[in-house]
Each structure stands twice: as structure tokens, then as C-alpha cells.
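Hi,

Here is the structure I said I would pass along.

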Amino acid sequence: MAKRRGDIPLGNDPASRLLPWIIGFMAFIAALALSGALVLAAFSDRWSAGLTGTLTIQIPPPAAYDDEAGFEALQKEALAAVRRTPGVASATLLPLDEMRALLKPWLGAGADPRDLPLPRLIAVTLEAGEDVDLADLGRRLEALAPGITIDDHGLWRERLTDFMAALQLAALAVVAVVALAAVVMVIFATRGGLLAHRESIELLHLIGAHDRYIAAQFQGQTLFAAIKGGIAGTGMAAGTVVLLGHGAAATGAVLPGALVLEPMAWLWVMTVPMALIVIAVLTARRTVVNALVRMV
Amino acid sequence: MIRFENVGMRYGAGPEVLRDISFELKPGSFHFLTGASGAGKSSLLRLMYLAHRPSRGLITILDEDIATIPRNRLPELRRKIGVVFQDFRLMSHLTCFENVALPLKINGAGSGVIKKYVSELLNWVGLADQANARPATLSGGQKQRAAIARAVISRPKLLVADEPTGNVDDALAVRLLFLFEELNRQGTTVLIATHNESLIRRFRHPVLHLEDGQLVPSPLRPIVPLRDRAPPPPDSRRFSDPIYPDAPGEGGRHG
């Protein structure tokens with residue numbers, strides 16, 4: 001690491017030498033936590049958006065299950081009613097065989113899903129930006145047969161959103177704790193520097209240096225340390241995020257695309273070193289000025 | 001003007017190291033400060049260069065009442081006081097040139113001005129060839145001269161020196177005293193703490209004598225008449241003001 005030479009040999013004391021490493025570590029954790037929060041936000045939005053434009057309509061089987069023809073007629077009427085509804089882009093009856101195939105693993109080899117009175121499902125895709133009058137559709141379907149229900153996935157979306165919000169909050173709390181820890185660390189490092197260079201500081205005072213002149217020396221040193229640490233730490237965090245994204249993509253991804261940061265999100269991550277630099281410099285200045293006021 | 005009135009000083013809760021100190025130094029005067037080790041010379045100087053506050057009494061330095069001056073005005077007052085510390089207090093990581101330049105730099109002088117005046121002064125004190133040397137590589141006498149150069153570079157109104165000739169040979173000591181006298185002729189009030197009796201006898205200036213923290217009449221009397229004193233060396237020419245080169249007034253000094 002290159003050395004700068006000010007009037008006070010600040011780079012030489014242990015506290016000053018450690019400062020870039022401390023800030024680098026803080027930047028790494030903060031950038032990683034912020035990336036996590038941003039990934040979760042994007043993922044939550046994508047998942048929510050995926051569920052928002054769809055409905056599922058469930059037609060319960062009739063009490064007398066042997067009335068196969070009547071049940072099929074009801075399905076067709078319901079499908080037609082849904083398709084006539086303004087705002088509906090498409091509506092498809094989920095094939096019974098598909099439903100049975102989905103159930104088979106859950107019921108085991110010995111059971112035959114054909115013995116079960118399965119409800120029929122209509123998958124509905126809504127036109128983008130169109131509001132569907134669900135109350136009216138519900139009334140019309142209810143008129144066809146009691147018990148037909150509409151699921152707009154609201155409960156799912158709500159739970160998902162709450163869960164993601166909690167995770168995001170936790171990640172942002174980590175960022176806040178890191179910022180607080182950075183303040184504390186800079187205070188300790190600056191106080192260490194003040195103690196180590198007390199004689200030099202007194203000399204500068206005695207030959208006419210203002211507090212702000214001395215504070216500027218500490219600010220400069222802290223700025224230099226924060227730039228080095230902040231950039232290195234954030235760079236490491238960015239590398240980690242990219243590697244995780246590639247790793248997730250390569251392994252077939254449980255949650256495809258979940259670990260990819262959008263360009264705008266990268267800009268947010270880049271604010272981490274800048275924020276740390278500002279926090280560190282202001283903290284150093286405040287600490288030095290407070291200490292110098294108590295000196296001769 | 002420098003005035004001490006019934007000044008007492010103690011370090012922390014310890015006993016008083018200075019008691020009932022009263023004296024006055026007229027502007028442009030030159031005094032020696034003498035006394036045995038532990039008599040309180042360095043403590044008195046610390047009060048004069050504003051490194052310590054008195055525990056009692058009134059101190060006026062360059063017409064500023066030290067008890068009432070706001071802290072934010074202390075730097076301006078300190079810039080008018082040149083100090084030669086007994087232990088030199090050179091910054092070990094800076095070169096000889098940078099150490100001497102420090103007061104000018106703090107005062108906001110430009111690099112051209114700094115280069116010109118620091119080079120001139122280093123040349124005068126015989127350290128031109130050591131400009132880029134670190135203090136650790138300098139001899140005691142060289143450090144002493146660098147410390148003196150730093151103290152006088154800003155052309156102070158008050159020069160306070162603690163044993164400034166303690167590490168130099170007699171010839172250089174005399175030469176340094178001529179430098180102090182040259183500054184004094186330009187209006188700088190000078191107070192030099194020293195044990196060197198031959199210098200005190202040779203340079204006929206009043207003596208403040210401390211014994212056990214109190215001022216007492218000096219047992220020393222200057223014995224070399226003024227007419228017998230050696231003339232100043234030819235290179236002890238007047239220094240132009242490094243900060244305000246064109247400032248009017250005595251020797252280009254500024255108020």
C-alpha cells in the first residue's frame with residue numbers, strides 16, 4: 001500500500017494501518033447484505049408479478065359423482081362464462097389426466113386417482129392492465145352451481161410479500177449495524193491515532209496550527225483508508241454475488257434468476273463504499289475536533 | 001509586551017513549580033533566562049509559548065490577556081511566537097527542509113515562497129546540504145540548528161528558546177546568538193534560557209534568574225562591554241519576510 005506523508009505520520013501507527021482492513025471488511029458485509037436485500041426485492045416482485053395476472057377457478061365435483069355428463073356440461077358452461085368476462089385473455093380447463101398424474105406421487109402406487117372425486121380447475125390468464133370484476137364473475141358462477149370458487153392467489157402473494165419484506169428488513173438491519181460498527185471502529189482508530197501522535201499534534205498547535213488543520217490531516221488519512229477499504233470490500237462482495245449467481249445458474253437453479261442483480265441494483269451496491277467513505281471521514285473529523293478542544 | 005503578574009504554575013495537582021513570578025519584557029527587548037536545573041526555566045517558557053495555563057496570576061503575551069483570549073484565536077497568537085525546544089521536537093518522518101517549512105505551510109504560504117525562504121535560512125544555519133536529511137541522521141548540533149531555523153522562519157514577534165546553544169560548539173553558539181540579535185534588531189522580543197555563562201557575559205543583555213520557582217536577582221553581570229563585541233558575521237543579513245515580503249514596517253514585519 002502506498003504511503004502518504006502528512007505533517008503527522010498517521011500511516012505509521014497500528015490503528016491507522018488497520019483502518020483500511022476494517023473498512024474493507026465492513027464494506028464487504030454491507031455490500032453483501034444490501035445485494036441480498038435487492039435480490040430478494042427483485043425476486044419478490046417477479047414472483048408476485050407471475051401470480052398477479054392469473055386466476056384459478058375450482059369447480060367442485062357434484063355430490064352424485066356418477067353424473068359425469070352433467071358435470072362435464074357444468075364445466076363447459078363455467079368455462080364459457082369465464083371466457084365471456086371482460087379482461088380475461090384466456091381460460092383453459094386443466095385436463096383431468098394431468099391432475100391425476102400430479103396426484104399420483106402423493107397417493108402412492110396402490111391408489112387409483114380415478115376413484116377420487118376430483119374438482120376441475122380452470123386456469124385463467126388476465127389481460128395486462130385490465131381489471132376483472134371478480135364479484136360479478138363469482139355471482140355468475142355461483143348461479144351455475146353452488147360451491148364454485150375463484151382463487152386470485154391473494155393469500156399466497158400476501159404471505160410471500162410479508163416473508164420477503166422480513167428478509168429484506170433483516171438484510172437492511174445488517175447494513176445499518178455495519179454502518180454503526182464502522183462509526184465505532186473509526187472513532188477507536190482515530191482516538192488511537194490521537195494518542196499515538198499526541199506530541200506531534202501538540203507541536204503543530206504550538207507553532208500555530210488550527211484544530212481544522214490538524215483535523216484535516218486525520219480526515220485525509222481516513223479518506224485514503226476508506227477509499228482503499230471501501231472499494232476493495234465492495235469489489236469482493238460484488239465478485240461473490242456474481243459467483244453465486246453463476247453458481248446458481250450452473251446447477252439448474254432452485255430459483256432461476258433469483259441471484260442475479262439488475263443494473264439499477266448494482267448502482268445501489270456501489271453506494272456502499274461511498275456511504276462508508278462519507279461516514280468514516282465525518283466521524284474522524286468529529287472525533288478529532290472533539291479531542292483537540294480538550295487539548296492546550 | 002510580555003507581562004507576568006504574580007503568576008503561579010503547577011502541573012496537575014502537584015506543588016507549584018513557579019511562584020509569584022512578576023516581570024515585564026518590553027517589545028523588542030532581549031533577555032536571558034538562567035537558573036539551575038529544576039529551577040523552573042522550562043516551565044516559565046511553557047507559559048510563554050502558551051503550552052500551559054498558569055494556576056494563578058495574570059499573563060499578557062503580545063498584548064493579549066491569556067486568561068480571556070478565546071481558544072480559536074490562540075493559533076494566530078502562537079504564530080507570532082517562535083519556539084526553540086530543548087529537545088528540538090523535530091518531526092522524525094519529515095526532512096530537515098520540511099521541518100523548517102512547517103510554520104510557513106501552516107500559515108498557508110505557497111510552495112515557491114516556502115522553497116525560497118527555507119533554502120535561504122538552511123543555508124544561513126549551515127544545513128543546506130542536509131535539506132533532504134531526516135532528523136535521525138542529523139547530529140545534535142544540526143538538529144539544534146534545524147529547530148532554530150523552524151522557530152525563526154516566520155519572523156516571530158517573540159522568540160523563546162530553551163537552551164538553543166546546548167548542542168553546538170562555541171563558534172556556532174555565538175553565530176546563533178548573532179542571528180537572535182539580528183531578529184531582535186528587527187523588533188523581535190527574545191528570551192533565551194541558557195546555562196552558558198560565557199554567552200551571557202559576551203552578549204550584554206538583561207538576565208532573569210530563577211531559583212526554586214521564583215525570580216531572584218541574577219548573580220551574573222555582563223562583563224564584555226558593547227564596544228568589544230564581535231561584529232555580526234557577513235551572512236547574518238536581514239531576512240526578508242517570508243509570509244508578507246512586501247509588508248511595510250520595521251524589517252518588513254507585520255502586525
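This is a predicted model: local features need pLDDT of at least 70, side-chain atom pairs count only at pLDDT 80 or more; totals for chains, interfaces and linings use all residues.

Chain B has 255 residues, and 56% of them are buried. Its secondary structure comes to seven helices and 10 strands. If you take the contacts in chain B with a separation of 6 or more, 71% are between residues 24 or more positions apart. The accessible surface of chain B is about 10700 Å², with carbon and sulfur atoms accounting for 51% of that.

Now the interface. Chain A puts 22 residues into the contact and chain B puts in 24. Together the two chains bury about 2100 Å², and 54% of this area comes from carbon and sulfur atoms. On the chain B side, the residues that lose the most area to chain A are Arg71(B), Arg78(B) and Ile106(B), which make up 30% of what that side buries.

Arg71(B) turns up again in the polar part of the story: its side chain forms a salt bridge with that of Asp211(A), at 2.5 Å from N to O. The count of salt bridges between chain B and chain A is four, and nine residue pairs are in polar contact, both partners at pLDDT 80 or more.

As for which elements of chain B touch chain A, helix 2 (74–78) and helix 3 (96–106) each supply at least two residues. Helix 3 gives the most, with five. By type, the chain B side splits into 10 nonpolar, 10 charged and four polar residues.

Cheers

Definitions and conventions. Residues are numbered from 1 along each chain as its sequence is written. Chains are lettered from A and ligands numbered from 1 in the order in which they are written. Side-chain values use heavy atoms; hydrogens and water are left out. Contact means heavy atoms within 4.5 Å. Buried area is the accessible area (1.4 Å probe) that two parts lose on being put together, summed over both. A polar contact is a pair of N or O atoms within 3.5 Å; within protein, one must be able to donate a hydrogen and the other to accept it, and residues adjacent in sequence count only if both atoms are side-chain atoms. Helices (H or I, at least four residues) and strands (E, at least two) are DSSP runs, numbered from the N terminus. Ala, Val, Leu, Ile, Met, Phe, Trp, Tyr, Cys and Pro count as nonpolar, Asp, Glu, Lys and Arg as charged, and the others, Gly among them, as polar. Buried means under 20% relative accessible area, exposed over 50%, partly exposed in between (1.4 Å probe, protein chains only). Accessible areas come from the Shrake-Rupley method with a 1.4 Å probe; for residues, only the protein chains shown count as cover.
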